[in-house]
Amino acid sequence: MSHVFHRHCHANLPTATGGHGIYLTDQNGNQYLDGCCGAAVTSLGYGHPRVIDAVQKQVQDMTFAHTGFFTSEPAEQLAEFLAINAPGTLNKVYFTSGGSESVEAALKMARQYFLEIGQPSRHLYITRRQSYHGNTLGALGVGGNQWRREPFAAIMTDAHYIDPCYAYRDQHPNESEFEYGQRMANQLEEKLRELGPENVAAFVAEPVVGATAGAVPAVTGYLKRIREICDQYGVLLILDEVMCGMGRTGTLFACEQDGIEPDLITLAKGLGAGYQPIGAVMVQQRIFDAISSGTGFFQHGHTYMGHPVACAAALAVQQTIQDDQLLNNVKQMSTKLFNRLHHTFSDHPYIGDIRGRGLFVGIELVADKDSKQPLPIESSIHTAIKAEAMANGLMCYPMSGTINGRDGHHILLAPPFIINDTQIDELVDKLEIAVNTSFKKLHA
Ligand code: PMP
């Protein structure tokens with residue numbers, strides 16, 4: 001009997017015993033191609049010698065020094081690396097241990113900023129119905145995933161919601177993609193007027209939606225319009241790049257491709273690529289300055305923030321991605337992956353949409369391709385596809401949820417940045433078998 005409180009209490013999970021390149025191995029010697037990096041985490045694959053060396057060296061030199069007493073070389077170097085490579089003046093880096101912690105810190109930083117600059121009425125957050133920002137109460141409070149929120153609604157602070165940017169489902173036939181994006185972004189302005197902009201601290205959004213809908217990039221111009229509205233009404237823009245950041249979309253930060261700079265950006269997952277748990281919030285210099293010249297400290301903190309071993313691992317991960325020019329591989333393999341997916345699934349009766357950016361790809365499953373009718377949640381097709389894929393040596397990340405009152409099933413693909421041509425073929429071949437076998441069993 002296992003004493004681990006597994007999240008899925010009855011799950012009979014294999015034991016992961018080893019990892020090499022893009023493959024994990026279990027206790028019986030079965031190999032799994034990691035087609036989703038767990039949940040968009042292990043961007044550099046498993047067992048990378050440069051990262052292992054960096055971790056071992058740091059453990060030997062200095063494992064832990066509490067940030068209330070010391071800074072550390074790895075924390076300073078990683079912050080410098082991020083500041084140099086981030087867009088514009090996102091100059092200050094606040095370290096955390098993961099994504100939810102990053103979002104919590106960003107929400108509180110936005111609030112403290114407005115207290116420091118004498119705008120105490122700004123305390124509300126606007127976010128989108130199709131979003132996931134983490135599972136701690138503050139982060140869950142600004143998320144739009146109803147299923148995750150429901151049991152805890154009574155103990156959460158509510159956010160205020162606008163619609164997501166979800167062209168496949170919501171773009172009108174008589175409007176261009178650009179017009180659609182502007183219409184969606186303008187919902188933010190309407191919501192600000194409704195709430196009174198002087199009461200709103202920040203708008204929070206994922207540039208490419210991840211865990212609620214299997215990778216949905218915003219259409220061109222959407223985030224630019226969001227940025228304009230935030231500027232006009234003095235509201236901070238928090239972009240949550242926990243899942244889509246750190247190279248996943250082909251640029252280090254996803255928002256680079258939207259041509260905008262947020263006020264705060266949250267990071268985790270790919271930052272340490274699973275070699276250590278680490279997250280971060282990057283902030284504009286002026287936000288740091290307001291807090292620094294006001295109270296003089298940010299009223300927040302966690303014991304393991306800026307952990308030297310985690311920072312050393314993340315620095316080695318990011319330097320490897322840069323030195324080995326892996327973002328070029330992300331772009332090349334992205335083209336190959338999309339081509340293969342379109343070739344394999346474009347005529348598939350139950351695949352409605354294939355979308356994404358870089359190696360961050362969402363596949364939407366439907367009951368009927370023409371009407372886009374979603375499959376009923378009870379079909380649990382996502383569970384079936386995950387099980388079939390695992391049985392066939394593939395990790396992919398199928399998900400389901402009710403978004404905006406609509407059921408939806410999606411598969412997220414997010415393979416490591418080191419994936420090669422033949423491995424893309426292997427991934428898609430195995431996925432095709434998993435999808436077809438699952439639908440055959442569903443209809444049997
Ligand atoms: N934000 C986003 C966009 C995420 O995708 C996630 C995790 N899926 C989180 C926050 C929470 O991160 P963590 O699970 O590391 O707390």
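Colleague: Is the crossing of α3 and α11 left-handed or right-handed?

Modeller: The crossing of α3 and α11 is left-handed. Left-handed here means that the near helix is turned anticlockwise from the far one by less than a right angle; clockwise would be right-handed. A word on the basis. This is a predicted model, in which local features need pLDDT of at least 70, side-chain atom pairs count only at pLDDT 80 or more, and totals for chains, interfaces and linings use all residues. Residues are numbered from 1 along each chain as its sequence is written. Helices (H or I, at least four residues) and strands (E, at least two) are DSSP runs, numbered from the N terminus.

Now the pair itself. Helix α3 covers residues 73–85 and helix α11 residues 308–323. Their axes come within 8 Å and cross at roughly 35°. Axes are lines fitted to C-alpha atoms, for helices over the stretch in contact, and angles run from 0 to 180 degrees between N-to-C directions. From α3, the residues P74, A75, Q77, L78 and F81 take part. They meet P308, C311, A312, A314, L315 and Q318 of α11. Contact means C-beta atoms, placed from the backbone, within 7 Å. By class, the residues of this contact are 9 nonpolar, 2 polar and no charged. Ala, Val, Leu, Ile, Met, Phe, Trp, Tyr, Cys and Pro count as nonpolar, Asp, Glu, Lys and Arg as charged, and the others, Gly among them, as polar.

Next, the domains. The protein chain is divided into domain 1 (16–47 + 326–443) and domain 2 (52–323). These bounds come from an automatic or database domain assignment. The C-alpha centres of the two domains lie 26 Å apart. Domain 1 gives 35 residues to the contact, and domain 2 gives 34. On the domain 1 side, elements giving two or more residues include α12 (326–345), β13 (351–357) and β14 (360–368). That side divides into 16 nonpolar, 13 polar and 6 charged residues.

One loop residue deserves a look too. G144 sits in the loop between α5 (137–141) and α6 (146–149). G144 counts as buried because it has 23 C-beta neighbours inside 10 Å. The cut-offs are 20 or more for buried, 12 or fewer for exposed, and partly exposed in between. Leaving aside neighbours within four places in sequence, the contacts of G144 include T127, Y161 and T212. T127 is 17 residues from G144 in sequence, and 7.7 Å away C-alpha to C-alpha.

How values were computed: Contact = placed C-beta atoms within 7 Å.
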